[in-house]
Amino acid sequence: MKKFKILYGLLISAAVLLCGAMCATVAYIYCDMLWGIKYECFSAPASVAFIYAVPFAAVIALILISAAFVRKKALKKP
């Protein structure tokens, strides 16, 4: 049971860290797109940068789903 609690904590921590990485990546790409539109004549809108959030969101969702299963196992009485 103790192993499941530790694994649950690690999964939640990984989801939080990945969320921060997602925000940083999308913000950087968004700023780069804005700069490119203004000075280098990019033709795509800056909102294209939000497409980079999709894989991050999918992995975060999978981590949270697996954390829910681990939590269910951890709370199960022996």
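This is a predicted model: local features need pLDDT of at least 70, side-chain atom pairs count only at pLDDT 80 or more; totals for chains, interfaces and linings use all residues.
Phenylalanine 42 is partly exposed, with a relative accessible area of 34%, where buried means under 20% relative accessible area, exposed over 50%, and partly exposed in between (1.4 Å probe, protein chains only). Residues are numbered from 1 along each chain as its sequence is written, and side-chain values use heavy atoms, with hydrogens and water left out.

Phenylalanine 42 sits in the loop between α1 (2–39) and α2 (53–75), helices and strands being DSSP runs numbered from the N terminus (H or I, at least four residues, for helices; E, at least two, for strands). Together with Leu34 and Ile37, Phe42 forms a nonpolar patch on the surface, and the accessible area of the three comes to about 230 Å². Patches are made of residues with over 30% relative accessible area and no salt bridge, with like charges joined within 9 Å and nonpolar side chains (Val, Leu, Ile, Met, Phe, Trp, Tyr) within 5 Å; a salt bridge is a side-chain nitrogen of Lys or Arg within 4 Å of a carboxyl oxygen of Asp or Glu. The areas themselves come from the Shrake-Rupley method with a 1.4 Å probe, and for residues only the protein chains shown count as cover.

Turning to the whole chain, the protein has two helices and zero strands. Its radius of gyration is 18 Å, well over the 12 Å that the globule rule gives for 78 residues, so the chain is more spread out than a compact globule; the radius is taken over C-alpha atoms, and the rule is 2.2 Å times the number of residues to the power 0.38. Along its principal axes the C-alpha trace spans about 65 × 15 × 10 Å, and 19% of the 78 residues count as buried. The chain exposes about 5,900 Å², of which carbon and sulfur atoms supply 74%.

Among the contacts with a separation of 6 or more, 64% are accounted for by residues 24 or more positions apart, a contact meaning heavy atoms within 4.5 Å. Alanine 68 lies in helix α2 and, at 46% relative accessibility, counts as partly exposed.

Other pairs of positions show how the trace extends. Cysteine 19, which belongs to helix α1 and is partly exposed at 33% relative accessible area, is 17 residues from glycine 36 in sequence and 26 Å from it in space, C-alpha to C-alpha. For serine 47, placed in the loop between α1 and α2, the C-alpha distance to leucine 10 is 32 Å, at 37 residues apart along the chain.

The aromatic side chains give two aromatic pairs, where rings of Phe, Tyr and Trp (its six-membered ring) pair if their centres lie within 6.5 Å, and planes under 30 degrees apart count as stacked, over 60 as edge-to-face and the rest as tilted. Tyrosine 30 and phenylalanine 50 form a tilted pair, 5.5 Å centre to centre with 45° between the planes. Because tyrosine 30 lies in helix α1 and phenylalanine 50 in the loop between α1 and α2, this pair ties together parts that are 20 residues apart in sequence. Tyrosine 30 is partly exposed at 30%, and phenylalanine 50 also counts as partly exposed, at 47% relative accessibility. Tryptophan 35 and tyrosine 39 form a tilted pair as well, 5.7 Å centre to centre and 45° between the planes, but these two both lie in helix α1, four residues or about one turn of the helix apart. Tryptophan 35 is partly exposed at 43%, whereas tyrosine 39 is exposed at 53%.

The loop that holds phenylalanine 42 also contains cysteine 41, which is exposed, with a relative accessible area of 67%. Most residues other than glycine have a negative phi. Cysteine 41, in contrast, has a phi near 60°, a positive value in a residue other than glycine.
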